[in-house]
Amino acid sequence: MYINIESYIESHSTEESKVLEELFRETHLHAVHPRMVSGHIQGRLLSLLSRLKQPHRILEIGTYTGYSAICLAEGLKTGGKLISIEINDELEAINRKNIEKAGMCDKVQLITGDAKTIIPELTDEFELIFIDGNKQEYPEYYELSKSKLASGGLLIADNALWSGKVIKTATDPQTREIQKFNNMVQEDPSMRNFILPVRDGLMIAEKIQA
Ligand SMILES: C[S@@+](CC[C@H](N)C(=O)[O-])C[C@H]1O[C@@H](n2cnc3c(N)ncnc32)[C@H](O)[C@@H]1O
């Protein structure tokens, strides 16, 4: 029998690879705030969305230990590239090691630095953008990356429901900025969007083809 609905979903979703299973375990053993890692259910969903889209270029904001980067990179077109930005340089050794273990060094480019300064310098156009950095910066990431999203491209943002706090009056900056971000996407006529209530909520928005 299943202990909860999550374990039922897990046992009826494609298994995660051995590399991801180990990465998840190692993150819980050695990293600070391990609950930030995507994990099996969200990881398989990200992988599936990326496979459906078959992007040539993916941008990720917030690498952490590399779990979601690996899942998203699974859907890249042959010759495609994922750029992942992480501000915390203490994570560099671990996320590089994990990308190496996944055999993805040729398709994942890790950049250490602040996404707010790096995004404006990027010249690529992306068919998929995954926002999973500092929750207080979501509106800024949106402003900066929207013009880099290809027509018909997908923008996915994690924690869109922020443990359900988004339905209440915000009393902290994280909730306030996530509410602001969700409203920005909702009011943007160039986006077709939906909040998928998986885990902490994924805002999924498609940039309408011009
Ligand atoms: C929720 S974790 C990312 C989890 C990862 N995407 C996954 O699913 O396994 C958020 C990460 O964003 C990073 N971050 C926060 N602000 C950032 C910024 N301005 N630029 C780049 N990374 C940032 C944090 O250091 C942290 O590692």
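Predicted model: local features only at pLDDT ≥ 70, side-chain atom pairs only at ≥ 80, totals over all residues.

Residues are numbered from 1 along each chain as its sequence is written.

Let me start with the sheet. Helices (H or I, at least four residues) and strands (E, at least two) are DSSP runs, numbered from the N terminus. Two strands pair if DSSP finds at least two bridges between them. Seven strands form an open sheet with mixed pairing, in the order β3-β2-β1-β4-β5-β7-β6. Which strands are at the edges? They are β3 (108-112) and β6, each of which pairs on one side only. From one strand to the next, the twist averages 15°; such angles run from 0 to 180 degrees between N-to-C directions, and axes are lines fitted to C-alpha atoms, for helices over the stretch in contact.

Ile-156 stands opposite Ile-204 in β7, while Met-191 has Lys-207 as its bridge partner. β6 and β7 form a hairpin with five residues between them, and Arg-199 in the turn has a positive phi of about 55°.

I turn now to two helices. Helix α7 (residues 138-145) and α8 pack with their axes 8 Å apart, at an angle of about 30°. Among the residues that make the contact are Tyr-138 and Tyr-142 of α7, and Phe-181 and Met-184 of α8. Two residues are in contact if their C-beta atoms, placed from the backbone, lie within 7 Å.

Next, the core. A nonpolar core is a set of buried Ala, Val, Leu, Ile, Met, Phe, Trp, Tyr and Cys residues joined through C-beta atoms within 7 Å. A residue is buried if 20 or more other C-beta atoms lie within 10 Å of its own, exposed if 12 or fewer, and partly exposed in between, with C-beta atoms placed from the backbone. Which residues touch the most other members of the largest core? Of its 48 residues, they are Leu-72 and Ala-157. Helix α4 (residues 67-73) gives the largest share, six residues. Ala-157 touches residues including Ile-131, Phe-181 and Leu-202.

Around the ligand there are 20 residues, of which Ser-38, Gly-62, Tyr-64, Ser-68 and Ala-115 come nearest. A residue is near a molecule or strand if its C-beta atom, placed from the backbone, lies within 6 Å of it.

Finally, the loops. Tyr-64 lies between β1 and α4 and has a positive phi of about 55°, although it is not a glycine. Is Tyr-64 buried or exposed? Tyr-64 counts as buried because it has 25 C-beta neighbours inside 10 Å. Gln-54, in the loop between α3 (39-53) and β1 (57-61), also has a positive phi, near 50°. Gln-54 is partly exposed, because 13 other C-beta atoms lie within 10 Å. Asp-188, in the loop between α8 (173-187) and β6 (191-196), is partly exposed, with 16 such atoms within 10 Å.

Technical notes:
Lists of a residue's contacts leave out its neighbours within four places in sequence.
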